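Here is a short briefing on how the inside of this protein model is packed. Look at the sequence and structure below, then read on.

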Amino acid sequence: MVPATIQTKRAYEEPEPGDGYRVLIDHIWPRGVAKERAKLDEWAKELAPSGELRKWFDHEPDRFPEFRSRYRSELEERGKKLEELRGRAKAGPLTIVYAARDQEHNNAVVLAELLREG
């Protein structure tokens, strides 16, 4: 089991020292966020949902359960990257950065759940 050092944070929130390793997992850079201000350690585009899945989901909360299932399937194909992030979480805080407005129904929530499960 991975320690609970994994958090999610919108790209528009100010970075904090306690964030630890910050990784953006969106396919597109967040609008209006300067790279210097984002203070990211990594931009892991390969962990973003596929274009097809993103378009289907369209940030509709009622589609989130199905989105979660489909996205988890996509993430399982990224096993090496998931293990790398789990290792970072074991070593210290890991912050998964995303741009979506909805803080409960987004790809970062799903990825954090999966990483915490170990």
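Contact means heavy atoms within 4.5 Å. This is a predicted model: local features need pLDDT of at least 70, side-chain atom pairs count only at pLDDT 80 or more, and totals for chains, interfaces and linings use all residues. Residues are numbered from 1 along each chain as its sequence is written, and side-chain values use heavy atoms, with hydrogens and water left out.

**Nonpolar cores**
- A nonpolar core is a set of buried (under 20% relative accessible area, 1.4 Å probe, protein chains only) Ala, Val, Leu, Ile, Met, Phe, Trp, Tyr and Cys residues joined through side-chain atoms within 4.5 Å.
- The largest has 26 residues, and among those touching the most other members are Leu94, Leu111 and Leu115.
- Helix 5 gives this core its largest share, seven residues.
- A second, separate core of five residues includes Leu24, Val33, Ala38 and Val97.
- Leu94 touches residues including Thr5, Tyr21, Leu85 and Leu115, not counting residues up to four places away in sequence.

**Helix 3**
- Helices are DSSP runs (H or I, at least four residues), numbered from the N terminus.
- Phe64, Phe67, Tyr71, Arg72 and Leu75 are buried in helix 3.
- Down the helix 3 axis, these buried residues fall within an arc of 130° (directions from the axis to the C-beta atoms), so they line one face of the helix.
- Their cover includes helix 2 (51-57), helix 4 (79-91) and helix 5 (107-117).

**Cavity**
- On a 1 Å grid over the protein atoms alone, a cavity is a set of points where a 1.4 Å probe fits but cannot get out; lining residues have an atom within 4 Å of a point.
- The lining of the largest cavity includes Glu46, Tyr71, Leu75 and Arg78.

Methods
Buried < 20%, exposed > 50% of the residue type's maximum accessible area, 1.4 Å probe, protein only. Helix = DSSP H or I, 4+ residues; strand = E, 2+ residues; numbered from the N terminus. 1 Å grid on protein atoms, 1.4 Å probe; cavity = no way out; pocket = protein on both sides within 12 Å on 5 of 7 lines; lining within 4 Å.
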